[in-house]
Amino acid sequence: MWATCTVLVVAEMQYALHSALSLRIWWALNLVISGATFASDILRVTDRHLHPGSHERFVTITQLVAFGPALFLGLAALFEPDTPSDRAYAAQPLLAAPGDDEVEPPARTSEATASIWSRLTFSWCSAILAVGSRRSLEHSDLYELSIVDGTDYNSARLAAAWRKEMASGRKSFLRAFHATFGAFFWKTGAIKLINDGCNFLNPVFIHTIVSYIAGERELTNAEALLCALGMFLSNTVLSMAMGQYFWRGYRLSLRTKVAVGQVVYQKSLSLDHKERQNFGTGAIVSYMQIDAAKLGDSIPYLHVLWSGPLQLIIAVSMLYSFLGPAGFAGLGVMLLMLPLNLVIGRKMGKLTAATMSQRDKRVKLTNEVLQGMRILKLFAWEEPMLAELLHKRDTELTQVRLNMLWSGLISFLFTATPVFVTCSTFVLYTVLGHKLTAATAFTSLTLFNLLRFPIIVIPMMITRVVDLTVVNKRLSKFLAAPERPVVSVDVPPPSADGGQSRGRATSSTADVTADGSTISSAEPLPYDGLFASRFSPASGVAAIELSACEFKWPAVKVDSKGAASSSAASSNNRAATSSTLVPDELMDGEDASALPSTLRQITMSVPRGSLVGVAGPVGSGKTTLLMSMLGDVPRVSGRAVVRGTLAYCAQEPWIQNTTLRANVLFGMPYVAELYARVLSACALEADLQALANGDETEIGERGLTLSGGQKARVALARACYARADIYLLDDVLSAVDAEVGQHLVVKCINGLLREWGCTVIFATHHTQWLSLCDQALLLSESGEIAQLGPPAQLSLPKNASMTSLASLGSSASLAADVEPSLKSLRRQVSAGTSAVTKVLAAKDTKKSVGKVIAAEERERGTVKRAVWLSYLSALGPPTVSLMLAVYALSQTLVMGSSWWLGRWSADSYPHLSQGQPWFYMGVYAGLSVIASVTIFVRLLVMVFASLRAARKVH
């Protein structure tokens, strides 16, 4: 045994999990075994019949002496703090705004160093509970998250298991899930087995102790004391095992939800265009939220599938041993109630769905009323809309009432079933000629209470298993769907800065494709394919290569009513003029493949550090060209190569509901000098001065406090701060005036980004700025390249949708006008940076008046007396009095039936019963039936009282 312990300790050292945890568990178990034999060893030593010099006496004394070290080592093992390694527990980044230095890091979780006893009793939570007892807990009071509970760790494990599952050809999501979390799941199952074993020790101890008290069984004082001690220990272990079981179950549930959600999200980013359209945005969101929630919520109770039948077998066997055939009467009542519970459960599901539907309609109308309040006021529509809103509320309350009535019926059956079970069992037991004793009665009651949980929960878990099979099929199909065929060029080329790219450390991690295909950058690339690399190419090497490429947006599916698929519609809205709506029946036919491509015969090479301007008529495919470089437009043919990290600015800026600084940093670390330079280049100095709290001003939902030009410049600043290798700018000047546009071109696009050596693809309708580009590309209305080359060599036609260079002046004169700005670029940028720095320094002296959305208020401490009184007033004093009276009556009757059961077993009224059980049986049945009726009445009163209060309060 000691050799086994040594092997476990060495294994722990090898895998760097814990410091001698196995040894401490060994010492604790050794203390338990030594303690179990300690009393018998003392009795044996004091036995007069044992010879003083015998070998047996010597061994017994040795064991008694060894109990001292065992006690010391066992207590030390139980209470010694754990010493986990960094692999077992590691800090996670604080959830705070980027660059917020005022937020203190969270405290290291006490669970990391908790002893065995602390883990069993959850005393490692005592510190935070003590803080919560003194004041309301804040986010800063919480412990840091351990790495084993983090999203990155669990999603990476699940993704690796899924890749192995794909390689094996089985493609079953639940297999991959079991490979990831199976060990933790079955260890939790072992704790469940201990919990169930302790559950069934209680009836044995109760029967023994009650029989001893009633004089039906003879026990010595030591044996009676051991029975009481055993009952105490079994309940203690039961409590600890139950706590650990649910703690581990809900912990695994949380890990499941975050892992599944992250894996599905990562898959959606690399999904093939056609598959993304087939699934749709709604389905993908459903996988991330609903399916992940179904799987996670089922985890804590899945062990009931094997634990429930095991409990049923053991409980029925024990009932038969105590009651004989009468024990099956109570089981029969439970089984008869089971179909009724299933029918009511299905009805409850339908009513819940109807209630949620009515609630969604009411909430939707409420949101519409709030958002359109100005129009309602202008047209004086308050009264009609209020009447409509109240009608929606009344309809919802009608559904809520039905739902609560059926819920009350379920609660009634759950509460009344034990009454029916015990009544039928004891009646049959006495009818069969047996005398009911206290030991038999109370032991049977304990066993029936144990039977109630598995009988009710097993059908629910069967339903959940059916749901999980559906979830498995859905997630397996989604995760096995084809991905975009992007081949990763994973070898970084040599660079002049020693393998660094403008201050960013290069990474050897490559993009992993669906088939895991990679290709070295030193190898010649095939003619056909889409190739990408995270590493910037050497100077003079093409950052973007398009060779005879043809791109085509997938046709948007439409249903019979003409509604487009949500995912396709949202993606194609960015290039709406290039998309085509076709019926479902044409999607897989020849007509769909025969649709014209959006871009055709696109051949261009963009060296690193070049500035390329893209122009063309509206709908010619400028946005599609940029998005094809991102990989968001399906490639039909040709070779496309993109080398380096990408930053994309869309025509419609995407703004977060947070501060301006957080929008610009976007999770990256705050560097004051870089931040100031970016804001200056993006013409945000004046905005910082105008905003109430500088860059700490909250922008609000969808950028409601900013103009269109401001939102465009914030989005451009976010892209610049990312320090990418390639910038794809989609008409970023359309929302700004001419002066600001010149500032952005001179100081940012042709200034800061030029200085950093970035490759910039610049799509615009302001063709006067094409003269500053190294190359200009003009697209025709058919999606082909009309002209490509240096701007001075291009001949731009005039048309209604595009202003030519000729109408705005020659390229030479424009370049001459801009040249002074270019020469003084460094001086202007330096002055602008200094101005931004002063504004950022001055913002610390301002008050925090820039909050658009105030923090949600919450009450602290206990619920105030006024709240209770207001709710009691809404319920109504007569109703409250009736509820209390009915509740007191029902509880009195339930306790009275148990009291009468004790009188029955003791035959306390022999002059009334006359040796027959019918007197006791009739009283017990009457009390049970009246108790059940009062329970149902109590539930009805609570339902109608709650609805009445809801109408008044809301």
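These legends accompany close-up views of a cavity and a helix pair in a predicted model. Local features need pLDDT of at least 70, side-chain atom pairs count only at pLDDT 80 or more, and totals for chains, interfaces and linings use all residues. Residues are numbered from 1 along each chain as its sequence is written, and side-chain values use heavy atoms, without hydrogens and water.

View 1. The whole structure holds five cavities of 30 Å³ or more. A cavity is a set of points on a 1 Å grid over the protein atoms alone where a 1.4 Å probe fits but cannot get out.

View 2. Lining residues have an atom within 4 Å of a point. Helix 11 (327–371), helix 13 (382–431) and helix 14 (438–479) each give two or more; helices are DSSP runs (H or I) of at least four residues, numbered from the N terminus. Helix 11 supplies the largest share, four residues. Met334, Phe414 and Arg452 are among the lining residues.

**View 3. Helix 9 against helix 14.** The axes of helix 9 (residues 273–298) and helix 14 come within 10 Å and cross at roughly 140 degrees. Axes are lines fitted to C-alpha atoms over the stretch in contact, with angles from 0 to 180 degrees between N-to-C directions. The contact (heavy atoms within 4.5 Å) includes Phe279, Tyr287 and Asp291 of helix 9 and Met461, Arg464 and Phe478 of helix 14.

Methods
1 Å grid on protein atoms, 1.4 Å probe; cavity = no way out; pocket = protein on both sides within 12 Å on 5 of 7 lines; lining within 4 Å. Points joined across faces, edges and corners; volume = space filled by probe spheres on them.
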